[in-house]
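Subject: Structure for you to look at

Hello,

Here is the structure I said I would send. Please open it next to this email and follow along.

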Amino acid sequence: MKKFIYSLAAVLALSCTFISCGSDDDDENISYSTTPEKATVGTYNGTFTKQLTDSEDAPETGSGTITLSDSGITGVSNVEFSCPTLGIDATSVANIANANRGFYFLNQIVSASNTLETAFSGRIDEGGNMVVRFSKSMKVGRKNYTYTFVFEGAKQ
């Protein structure tokens with residue numbers, strides 16, 4: 001009886017070694033053969049939305065672009081924001097990395113080289129669609145207001 005139990009336990013233990021995870025074929029459309037700052041270079045056309053934070057007023061929108069270019073530093077991209085309708089014309093750098101079937105970039109440092117004057121983050125999916133978010137304090141008259149900006153666009 002002991003031999004039967006030991007044999008059964010051995011068979012169960014060996015059967016667990018042949019279990020595998022799902023296929024990794026989902027990543028076949030993504031090429032990681034180059035660095036993220038090179039893979040994402042280009043102009044992304046889309047719409048900026050400007051919403052007064054904690055307000056239910058209708059948001060303002062405007063057509064604009066975000067352009068990513070290679071900074072020459074691994075894991076860092078140059079970022080140019082442009083939306084004349086909403087008064088956005090800024091440049092910065094951002095750390096960029098591969099992330100979940102796409103790319104993620106961000107800058108949390110407000111410095112002289114970040115003329116956007118605020119932290120921002122963005123995501124580019126495998127289809128070349130970009131979403132970027134940032135909040136910015138702006139003086140209107142005598143008061144400061146905080147606006148939330150969202151850019152949604154696609155690579156040209």
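Below are notes on the barrel, its strand pairs, a few loop residues and the salt bridges.

This is a predicted model, in which local features need pLDDT of at least 70, side-chain atom pairs count only at pLDDT 80 or more, and totals for chains, interfaces and linings use all residues. Residues are numbered from 1 along each chain as its sequence is written, and side-chain values use heavy atoms, with hydrogens and water left out.

The barrel

Eight strands close into a barrel, with antiparallel pairing, in the order β1-β2-β3-β4-β5-β6-β7-β8. From one strand to the next the twist averages 30° (axes are lines fitted to C-alpha atoms, for helices over the stretch in contact, and angles run from 0 to 180 degrees between N-to-C directions). Helices (H or I, at least four residues) and strands (E, at least two) are DSSP runs, numbered from the N terminus. Two strands count as paired if DSSP finds at least two bridges between them. As background, strands of a sheet pair through backbone hydrogen bonds, either parallel or antiparallel.

Strand β1 (residues 42-52) pairs with strand β2 (residues 60-70) over nine bridges, in the antiparallel sense. Within this pair, Thr61 in β2 is the bridge partner of Thr49. Nine bridges also join β1 to strand β8 (residues 143-155), again antiparallel, and here Phe48 stands opposite Phe151. Strand β6 (residues 120-125) is joined to strand β7 (residues 129-140) by four bridges, and the two run antiparallel. Ile124 stands opposite Met130 in β7.

Loop residues

Where is Thr118? Thr118 sits in the loop between β5 (102-107) and β6. Thr118 counts as buried because its relative accessibility is 12% (buried means under 20% relative accessible area, exposed over 50%, partly exposed in between, with a 1.4 Å probe and protein chains only). Leaving out residues up to four places away in sequence, Thr118 touches Val110, Phe134, Ser135 and Lys136 (contact means heavy atoms within 4.5 Å). A polar atom of the Thr118 side chain lies 2.6 Å from the backbone oxygen of Ser135. A polar contact is a pair of N or O atoms within 3.5 Å; within protein, one must be able to donate a hydrogen and the other to accept it, and residues adjacent in sequence count only if both atoms are side-chain atoms.

Most residues other than glycine have a negative phi, and most peptide bonds are trans. Asn100 is not a glycine, yet has a positive phi of about 40°. Asn100 is in the loop between β4 (88-98) and β5, and at 66% relative accessibility it counts as exposed. Arg101, also not a glycine, has a positive phi of about 60°.

Salt bridges

How many salt bridges does the structure hold? There are four (a salt bridge is a side-chain nitrogen of Lys or Arg within 4 Å of a carboxyl oxygen of Asp or Glu). One of them joins Lys38 and Asp70, with the closest N and O atoms 3.2 Å apart. This pair links distant parts of the chain, with Lys38 in helix α2 (residues 36-39) and Asp70 in strand β2, 32 residues apart.

Glu60 forms a salt bridge with Lys50, the closest N and O atoms being 4.0 Å apart. Glu60 is in strand β2 and Lys50 in strand β1, ten residues apart. Glu60 is partly exposed at 41%, whereas Lys50 is buried at 12%.

Arg101 and Glu126 also meet through their side chains in a salt bridge (3.0 Å, N to O).

Regards
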